[in-house]
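Here is a friendly tour of how two parts of one chain come together. Take a look at the structure first, and then we can go through it.

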Amino acid sequence: MRLNWISLLAVTLGTWTSIPARAAEPGTPPSGANREATVELFRDDFSRFPPGMLSRPLGFINGAIQEYHYLANRGVPLGPWGNSICYMDCWAAGSDDGKPYLDQILPTKGGRMMARLFAPLFVTGEPEWSDYTVEVTMTPKATDDIAGLVFRYHTNRHHYLFSLQEGKARLAIRMPLEDEFRVSRFRELAAADFASKPDQAYRLKVENRGPEIRAYVDDVLVVKATSDELLSGKTGITANVQARFQDFRVTATSEASDAIARTIATRNQDLKELQAQNPQPKLWKKFSTPRFGAGRNMRFGDLDGDGSLDILIAQNIPQTPDDKAVEIGCMTALTSDGRILWQRGEPDPGKGLLTSDTPFQVHDLDGDGKNEVVVASEKKLLVLDGRTGEVLKSADTPRVESYPAVNQKVPDKWPTNVSSADCLAFVDFSGRGHRGEIVVKDRYWNFWVYDSDLKPLWKGQGMTGHYPYAFPGGEGGRDLLAIGYALWDGAGKQLWSADPAFKDHADSIVVGNFSGDPKQPHKAYYCGSDEGFIVINHRGLIERHVRVGHAQAAAVGKFRRDLPGLQFMTVNFWKNPGIVSLFDHEGELLQQEEPHHCGSPMLPVNWRGDGQEFVLLSGNVREGGLLDGSLRRAVIFPDDGHPDLCAEVRDMTGDARDEIVLWDQDRVWIYTQDRPFTGDRIYAPKRNPDCNDSNYRCNLSLPDWKPVSARLGSN
């Protein structure tokens, strides 16, 4: 992948095309409601899109790039549409005899898209759309799976469906939670025999009037139902077979259109008032990163010893075609002003983006008050002087000798000619009050523990997931290590394991007592990939298992001040990207929304300093911003040309409130608040240690306060 691919995404959006109304086909007359005066809410013949795949120029790049990088799309701009399954390169535009079309080009695969666990979706409209009629001309290339319309769309896991498939016309609602692993839930509403044929065009139409749903094929009523699960939402098209779509149209009565407009205006006014209550982002610093820039591969720490946070940017060297194993190539250390402190290796813009974790950290490994850089490169574990980048210590990276018997599939042959160091974490297994031991982990199955002199201590196996979590709780003040669905002590003893209960690995892990009651024991919380959101108690027993889909990343903080304890905000990715879920400390699902169709690192933000925290979704002007505990965009970024590929949150000015670092491969912009803090004490939450950074860690923010007089600086 090359540097200029990101700039190529900025393709100019085409203009909307007006198309003539289609004459009604013979058959049963439409309902009386349809004879009322109508307003066209939206119409598109898809001529706005250039011929070819809509994911060009990125094409078939590893879809994991969008787990924690923001891309508005993988090719041409899609607005006002959205590709709900953002990483699927499944939509292509063209024209046939002068008639534009949009094709779903992927054939049925993987056991009917893994038991219809997900399907390509192309959606448009507003969440407030209700009482509307949507129609499209659809030509299936096969009839053994779904092809049709979605409506009352809330998320890509919660919407209504009208489809033709397997000799039926079908109305159903997709339910947001599953009962079984990778088996989606649909509630059947109505079905009727309908022998659709490949390569034959059908005009599909759905009328929504309150809970009433009426579905037509070529203006003939074929099924109807009553359902009030969702009464409003976006609309669009879907297909699990190759299918062609033309002439998409959404209409409503004048009365319904006016009601929608009023609801949207109220929403926008409420958001405007909410955003006005919060500090606005103000540009603090910006600088360029010529040739040595990277994607979300940045670390923070005081490298030069001046008491301020510095930045370490690394470029990665993929060891396999799919980025399952990487090493660190060029590293550039610089101040928050962009002044280069040192650089190690040859910069290469082609090695700037990444789709995996990477093994480098900033940490005072020996406890002398000066930070080192610990990195895996060229099959070596290296300890570098933080001030100069010079090598202080070196040892071989560990060798993979075997794989554990776990539910997650182990490859028949993992490449042995690559480094085993997928990521690094620091723990206190000695009880000295300092994180002087190093955990080195391979991709999913093995881990090794080293002391500060890089001497091996012990090793373990299991369904390790992506990134471990170390916390105090062992004998003698020693840390315990939560890695995968298991808990280990500092001597290498496994205290418990829930690995056998799960079929997919943990994407993020955090352990603690987040109830607000200090007498309560700690619990372990997991984003368990396709297993969803999981809570395991301190004895290793599963307390809560909520199958929300592929739970990818999480933030823990005080997002709802009206609730006890802390809350968890998670985001989904594979098969159902962009769904944000809010849980309480017991694991009870409180709310779900789909603010965009991409992943996010989910970063807690102490923006106000008054105890109300937000979560940074992304730096994008339109789809990003800071979400509050009601999943509203409480803060948005100015439209000033800033980068939005990557984001991180740190207190850079020293006033306890967070700054927001936005960057791409070419430049870094840092935002702070546009006003000083006022008050006697300021919220100063305790976060994950900077030395244990990862694209897959659960981002933790524990409540804490300090007097304003104790502030170290201001913006």
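A polar contact is a pair of N or O atoms within 3.5 Å; within protein, one must be able to donate a hydrogen and the other to accept it, and residues adjacent in sequence count only if both atoms are side-chain atoms. Please keep in mind that the model is predicted.

The protein chain is divided into domain 1 (38-275) and domain 2 (278-707). Their C-alpha centres lie 35 Å apart, and 35 residues of domain 1 are in contact with 49 residues of domain 2. Between them the domains bury about 3600 Å², with 58% of it on carbon and sulfur atoms. Tyr-68, Tyr-70 and Gln-275 supply 25% of the area that domain 1 buries against domain 2, more than any other three residues.

## Polar links across the interface

With that definition in hand, 26 residue pairs are in polar contact across the interface of domain 1 and domain 2.

## A closer look at helix H3

Helix H3 (residues 254-276) has 23 residues, which at 1.5 Å a residue should span 33 Å; its end C-alpha atoms are 33 Å apart, so the two values agree.

Which residues of H3 are buried? They are Ala-256, Ser-257, Ile-260, Ile-264, Leu-274 and Gln-275. These buried residues pack against strand S1 (38-44), strand S16 (243-253) and strand S45 (633-635).

Technical notes: Residues are numbered from 1 along each chain as its sequence is written. This is a predicted model: local features need pLDDT of at least 70, side-chain atom pairs count only at pLDDT 80 or more; totals for chains, interfaces and linings use all residues. Side-chain values use heavy atoms; hydrogens and water are left out. Helices (H or I, at least four residues) and strands (E, at least two) are DSSP runs, numbered from the N terminus. The expected span of a helix is 1.5 Å times one less than its number of residues. Buried means under 20% relative accessible area, exposed over 50%, partly exposed in between (1.4 Å probe, protein chains only). Contact means heavy atoms within 4.5 Å. Domain bounds come from an automatic or database domain assignment. Buried area is the accessible area (1.4 Å probe) that two parts lose on being put together, summed over both.
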